[in-house]
Each structure stands twice: as C-alpha cells, then as structure tokens.
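Hi,

Here is the structure I promised to pass on.

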Amino acid sequence: MTTVIILAAALLPPILLLAYIMGRDPQPEPRSWLMRAVACGVAICVPIMLVEYVVNTTLFGPDGEPTSLVGAAMQAFCVAALPEEGFKLGALWLLLRKNPYYDEHFDGIVYAVCISLGFAAIENVSYLFLYADQWPQVAISRAVLAVPAHYAFAVLMGYYYSLYHFVCPTQRVKACILLVPVAAHGIYDTLALGSNVSPLLATAGSMLLIVFCIRMHKLALQKIEGLLQRDRQ
C-alpha cells in the first residue's frame, strides 16, 4: 500500500501540470501524439542518467560531490542542465520534424512540456523511492519546486522552438531554444546545490530559489500567453 501511495505522490504533480497545459490548448493535439511525447520523455531517462554519471565522475570522482559554490555551479550546469535539456531538445526535434499536427505556435510548448514532464515523472519516482524513509517531505518539496521547474524550462524551450519555426528563423533565436532553458535549469540547480555546500548559504539559497521559481513561472505564463495570442491573430 505504501508503494502505491509513493507512486501516486510522485506522479500526481506532473499529471496535473500536463492536464493544465493540455487544457490551455485551443485546438488540442491528438492524444496519440501527446502520449508519444510523454513516452519520449520517459525514454531519455536512461541515456541522461548515463551521461550525467560519466560527467559527474569526470569532474568530481566516483563518489565525489562539489565542495564549493563554483563546484555546485559546475555540477548544476554540466552534469544536470546541459545533458537534460539537450536530450529533451533532441526528443522534441525528432517528434516535431515530421509531425503533421505541429501547425500552431502553442503546439511547441505543449509537446515540449509533455516530454519534460515524462522525464520529470520518472525522476520524481526515483527520488521518492531513493528517500523512501522521508518520502512525504521529498514529495512536497519536489511537487512545489522541482517538477514545476521542469515544466517552466519546457515552456521556455517550446516557446523559442515555435518562435524559430514559425516567426523568426534567426541563429539567435535558434540558440535560445537550448541556451535559455539550460541557463534557467543551471541557475535553479546552482541555488539548490549551493545550500548543500555551505550551511551559511542554506537560508539565503533557499530564499533565492523560491524567488527565482516565482519569477520563472511568471515568465512561463507570459510565454504561454504570447504564443496563444499569436495563434488567435
């Protein structure tokens, strides 16, 4: 019974965010394509884990962890942000390059969020079972911070993907498709990991993380409304 409760606690946040973003779509995508996008997010979990293990081992040793804020930033950007957002973008490109239903600006956000939350769901399950002795606290913190963060990174990726595809196919916008979510993800993880490096940074880092997440979600909402407005026009 406990296993079922932990699974429910892990999967409910991504499911709710998926329902939200699908509900915002004025012309919903076929469910088969949406499920395919979620499956892509699940499928990239294993290669991401392998890449992250290799990079982390190279930077910090087999059992190493960062011991400074610089090290935490290196781990945040090189071990987590770049591999995760890179694989998500690869999955998004494979999914949309021959998708006949990718015909609206907002679709880029919808598919990007499906991929990202497919990944976030599996990551959430693994964290809750890894820390099964304190899973309620982990479930709450990840439901409030980590899973919504993956959602926000995906909104940014989908926004710039559609902007490049439909509106402004410049190299600058093309670079933003990857660099903007990587930057947001890296800052988020730096703030989260920095509090583990030094007790002095714990309180300040936690407060900055909350402020950053609030601003991220305001920005994500702006991007959503921006693309919906383009589609209405």
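**Aromatic pairs**

Tyr102, Tyr161 and Phe166 are joined into a cluster by ring pairs. Before I go on: this is a predicted model, where local features need pLDDT of at least 70 and side-chain atom pairs count only at pLDDT 80 or more, while totals for chains, interfaces and linings use all residues. Residues are numbered from 1 along each chain as its sequence is written, and side-chain values use heavy atoms, with hydrogens and water left out.

In total there are seven aromatic pairs in the structure. To pair, rings of Phe, Tyr and Trp (its six-membered ring) need centres within 6.5 Å; planes under 30 degrees apart are stacked, over 60 edge-to-face, and the rest tilted. Tyr20 and Tyr151 have ring centres 6.5 Å apart and planes at 70°, so they are edge-to-face. That pair connects distant parts of the chain, with Tyr20 in helix H1 (residues 2-23) and Tyr151 in helix H6, 131 residues apart. Helices here are DSSP runs (H or I, at least four residues), numbered from the N terminus.

How exposed is Tyr20? Tyr20 is partly exposed, at 35% relative accessible area, whereas Tyr151 has 6% and counts as buried. The cut-offs are under 20% for buried, over 50% for exposed and in between for partly exposed (1.4 Å probe, protein chains only).

Phe153 and Tyr188 also make an edge-to-face pair, 6.2 Å centre to centre with 75° between the planes. Phe153 sits in helix H6 and Tyr188 in helix H7 (residues 171-197), 35 residues apart, so this pair too links distant parts of the chain. Both residues, Phe153 and Tyr188, are buried.

**Helix H4**

H4 (residues 69-96) has 28 residues, which at 1.5 Å a residue should span 40 Å, and its end C-alpha atoms are 38 Å apart, which agrees. The expected span is 1.5 Å times one less than the number of residues. H4 also bends by about 35° at Ala81, with Pro83 following within four residues; the bend is the angle between axes fitted to the seven residues ending there and the seven starting there.

**The cavity**

Searching the whole structure turns up one cavity of 30 Å³ or more. A cavity is a set of points on a 1 Å grid over the protein atoms alone where a 1.4 Å probe fits but cannot get out, and lining residues have an atom within 4 Å of a point. The lining of the largest cavity includes Glu85, Lys88 and Met157, and H4, helix H5 (105-130) and helix H6 (135-167) each supply at least two of its residues.

Cheers

How values were computed:
On a 1 Å grid over the protein atoms alone, a cavity is a set of points where a 1.4 Å probe fits but cannot get out, and a pocket is an open set with protein on both sides within 12 Å along at least five of seven lines; lining residues have an atom within 4 Å of a point. Grid points are joined across faces, edges and corners, and a volume is the space filled by probe spheres set on the points.
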